[in-house]
Structure formats: C-alpha cells, structure tokens
Amino acid sequence: MSLEWAGPAGSVRPVVTAPANVLGAVGEEVDPTAAEIVELAADLVATMRVSPGCVGLAAPQVGVGAQVFCVNVVGHPKAVTTHGTFVLCNAKIIEASRWRPGREGCMSVPDLTGDVKRAGRIVVEAVLPGTGEPVTVAADAFEARALQHEIDHCAGKLFLDRVAGAHALYQRKVYL
C-alpha cells in the first residue's frame, strides 16, 4: 500500500511561530474522514511544498490544534528510507530504537537550530486522511527524525523542548 498523498490540491496557509499558544498545546485527535481534515491535509502539503527546505509540517504550525501532519524527505542528503509525500492523522510511535543526536530546525522557530536526540528507527501507527485507513509506517534515519519532530508538534512540543541545554542551540546560519 502506498502512503503517497493523492488527495486534493490545497491552499498555502501562513506558518505560525513561537511563542504562539497553539504550538504549546496538545492537538486534538481527529476524524480522518471529515472534509475539514482532508482540506487541512491538502493545505499542509501545499504549504510544505512552497517552503524551501521544509521536510514536514504539522497542523499546529498553521494554527490548527489537531493531530495531523505531512512529511516528505525525498531528495534530502540524510534520508535513507523515504515514503514520498504523505499525511498522517492521530500518529503514535509504537517502537523506537537507535537513539542519536542530530541537528534540527523548524519553520516555527526560524532563528535557531539545535541538537536533539531522536530514535534512528521508529514504527508509527496512524490513520490516513480521507479513507481513515489504519497504517503502520517503519522509518529510519532522517525520515524517522522528521516523523518524531512532527509528532512532537501534535503533542505541543517544539525541538527546543528536547535540546540538552543552551549549549546545544545555534543561531541559524542559512535561511531557506
């Protein structure tokens, strides 16, 4: 079964930045078959696609407190597994292993990057928007990191909440 997003074309939404309250709130579980969730999924994909360097975007980042996000790491030099452009709802990590630090950035924290320890291999259970079909996604390396980053957004966490301290934060040098 393909995870590749085949839903409608969406509209680009503005990305909210910290300290917006929605970024620190736990997103609501969603009905993946609801029309507004399919529209949100399409808008997330459209917004990600027009944002240079963006490999994932979660609903809270466009001001919506919902557990919906998209990911696409195809072509990224650190990617090993890739599932194309996909959107997941109500995602939960059920397995995580091979923990390693790595540098992360975020459109909602545009001025900083930071070193975050994440699992290098994960398994996620979620449902697809539109069909509501349950899926299990195994990912590693950079795609696993991107998934964890977006799942964190849906849980009201930023990468800033996961850095070891100020010594692990850096001023962003390149603006994408």
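Predicted model: local features only at pLDDT ≥ 70, side-chain atom pairs only at ≥ 80, totals over all residues.
Local features require pLDDT of at least 70 and side-chain atom pairs count only at pLDDT 80 or more, while totals for chains, interfaces and linings use all residues. Residues are numbered from 1 along each chain as its sequence is written, and side-chain values use heavy atoms, with hydrogens and water left out.

**Exercise 1.** Determine which residue forms a salt bridge with Asp115, and classify the accessibility of both partners.

*Solution.* 
1. Apply the criterion: a side-chain nitrogen of Lys or Arg within 4 Å of a carboxyl oxygen of Asp or Glu.
2. The partner is Arg103, with the closest N and O atoms 2.8 Å apart.
3. Locate the pair: Asp115 lies in strand β4 (residues 109-127) and Arg103 in strand β3 (residues 86-106), 12 residues apart. Strands are DSSP runs of E, at least two residues, and helices are runs of H or I, at least four, numbered from the N terminus.
4. Classify by relative accessible area: buried is under 20%, exposed over 50%, and partly exposed in between (1.4 Å probe, protein chains only). Asp115, at 24%, is partly exposed, and Arg103, at 40%, is partly exposed.

**Exercise 2.** Identify the salt bridges that Glu104 forms with Arg118 and Arg145, and state the network they belong to.

*Solution.* 
1. Arg118 meets Glu104 at 2.7 Å, N to O; Arg118 is in strand β4 and Glu104 in strand β3, 14 residues apart.
2. Arg118 is buried at 4%, and Glu104 is buried at 5%.
3. Arg145 pairs with Glu104 at 2.8 Å between the closest N and O atoms. Arg145 belongs to helix α2 (residues 141-154), 41 residues from Glu104, and Arg145 is buried.
4. Salt bridges link Glu104, Arg118, Arg145, Asp152 and Arg162 in a network.
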